[in-house]
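Hello,

Here is the structure I promised to pass on.

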Amino acid sequence: MTSSTPPSVQRVLMVTRAVGSLWCHALELCRSLTARGVRVELATLGAPLSAAQWMEVREVRELGLHESPERREDLDEDAWLLELEARLAPDIVHLEEPALGTLAWRAPTLVMLHTWILSSAQSWR
């Protein structure tokens, strides 16, 4: 691909939890994609971002951030994510959480499975 050729994927919705290596992996991927001219919208689930994480997000040019609304028991995160996808109309959805792959996404969906999650699950038994 030459620098004058736009990428075939121009908008990505990336969904992750802002914890440990999931956060690090998602943020690094956001950096790489935005550096190549891809518009990335990062949706975070679970706990609110820390001050340090907010600083990391601000350092990534052209990165959109969407924190799940107030952490309420009645919040349906699945519905929030599907509404976000409908509003943003990404070319692809990138998930850092395999269980979310079962939702009725409109865009093609890439589900990441990190091996450390499997290792942790085995150690919990």
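**Strands and cores**

Val40 stands opposite Leu63 in β3. Helices (H or I, at least four residues) and strands (E, at least two) are DSSP runs, numbered from the N terminus. This is a predicted model: local features need pLDDT of at least 70, side-chain atom pairs count only at pLDDT 80 or more, and totals for chains, interfaces and linings use all residues. Residues are numbered from 1 along each chain as its sequence is written, and side-chain values use heavy atoms, leaving out hydrogens and water.

β2 pairs with β3 (residues 63-67) in the parallel sense, over five bridges. Pairing takes at least two DSSP bridges between two strands. From β2 the chain crosses through α2 (residues 51-58) to β3. This β-α-β crossover is right-handed (clockwise from the first strand over the helix to the second, with the strands pointing away from the viewer).

The largest nonpolar core has 14 residues. Such a core joins buried Ala, Val, Leu, Ile, Met, Phe, Trp, Tyr and Cys residues through side-chain atoms within 4.5 Å. Buried means under 20% relative accessible area, exposed over 50%, partly exposed in between (1.4 Å probe, protein chains only). Trp23, Val40, Leu42 and Leu63 touch the most other members. β1 (11-17), α1 (20-35) and β2 (39-45) each give two or more residues. The largest share, four residues, comes from α1. A second, separate core has 13 residues, among them Leu13 and Leu81.

Two loops are worth a look. Glu62 lies between α2 and β3, with a positive phi near 60°. Ala89 lies between α3 (77-88) and β4 (92-95), with phi near 50°.

Best wishes
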